[in-house]
Amino acid sequence: MKIFVTMPDGSTKTLEGTVGWQVMEIIKAAGIPIRAECGGACACATCHVYVDPAWLPKLPKAKPEEIDMLDMAMVVKDSSRLSCQVIFTPELDGLKLTIAPDSL
Ligand code: FES
């Protein structure tokens, strides 16, 4: 199962998704230096990513605490999510996202 990641500089990487892991953990395990300063506790917004609009409806809706924390992120878009709040499932095979510049 794959996750297709675009870096802020436009380069792309293909990651192997692990079911049950936070998407942030998968990004980190692939060697991408995402800051994720709170370690996935929804308390920092430094795991900010932009999800490809085609994939947004397939993700679980953001909880109020994620929406609150996204207020702390830079350049928030409609497609913004905190990657630690998205758990990878088989349904997300092929997920496409872009790392937000403030997350590196
Ligand atoms: S790692 Fe801190 S909010 Fe996601």
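Ile99 touches Val5, Thr6, Met7, Pro8, Ile27, Ile32, Ile34, His48, Val49 and Leu104, leaving aside residues up to four places away in sequence, where contact means heavy atoms within 4.5 Å. The model is a predicted one, in which local features need pLDDT of at least 70 and side-chain atom pairs count only at pLDDT 80 or more, while totals for chains, interfaces and linings use all residues. Residues are numbered from 1 along each chain as its sequence is written, and side-chain values use heavy atoms, with hydrogens and water left out.

**Nonpolar core**

- The largest nonpolar core has 29 residues, and those with the most contacts inside it are Ile3, Val5, Val23, Ile27, Leu95, Leu97 and Ile99; such a core is a set of buried Ala, Val, Leu, Ile, Met, Phe, Trp, Tyr and Cys residues joined through side-chain atoms within 4.5 Å.
- At least two residues of this core come from each of β1 (2-6), α1 (23-29), β3 (48-51), α2 (64-70) and β5 (95-99), the elements being DSSP runs numbered from the N terminus, with helices (H or I) of at least four residues and strands (E) of at least two.
- The largest share of this core, four residues, is supplied by α1.

- Ile32 is found in the loop between α1 and β3, and it is buried because its relative accessible area is 3% (buried means under 20%, exposed over 50% and partly exposed in between, with a 1.4 Å probe and protein chains only).
- Not counting residues up to four places away in sequence, Ile32 touches Val5, Met7, Lys13, Leu15, Ile27, Ile99 and Leu104.
- Ile32 and Lys13, which are 19 residues apart in sequence, are 9.3 Å apart in space, C-alpha to C-alpha.

**Cavity**

- The structure holds one cavity of 30 Å³ or more, a cavity being a set of points on a 1 Å grid over the protein atoms alone where a 1.4 Å probe fits but cannot get out.
- The largest cavity has about 40 Å³ of space, with grid points joined across faces, edges and corners and the volume taken as the space filled by probe spheres set on the points.
- Val23, Val49, Val51, Leu59, Arg81, Leu82, Ser83, Val86, Leu95 and Leu97 line the largest cavity, each lining residue having an atom within 4 Å of a point.
- Two or more residues of that lining are given by each of β3, β4 (80-82) and β5.

- Gln85 is found in the loop between β4 and β5 and counts as partly exposed because its relative accessibility is 23%.
- Gln85 touches Gly40, Ala41, Cys42 and Glu66, not counting residues up to four places away in sequence, and the C-alpha atoms of Gln85 and Gln22, 63 residues apart along the chain, are separated by 6.6 Å.
- Cys42 is found in the loop between α1 and β3, has a positive phi of about 60° although it is not a glycine, and counts as buried at 11% relative accessibility.
- Val75, in the loop between α2 and β4, also has a positive phi in a residue other than glycine, near 45°, and Val75 counts as exposed at 57% relative accessibility.

**Charges over rings**

- Lys58 lies over the face of Trp55, at 4.3 Å from the ring centre, where a charge sits over a ring if NZ of Lys or CZ of Arg is within 6 Å of the ring centre and within 35 degrees of the ring normal.
- The charged end of Lys77 sits over the ring of Tyr50, 4.2 Å from its centre.

Definitions and conventions
1 Å grid on protein atoms, 1.4 Å probe; cavity = no way out; pocket = protein on both sides within 12 Å on 5 of 7 lines; lining within 4 Å.
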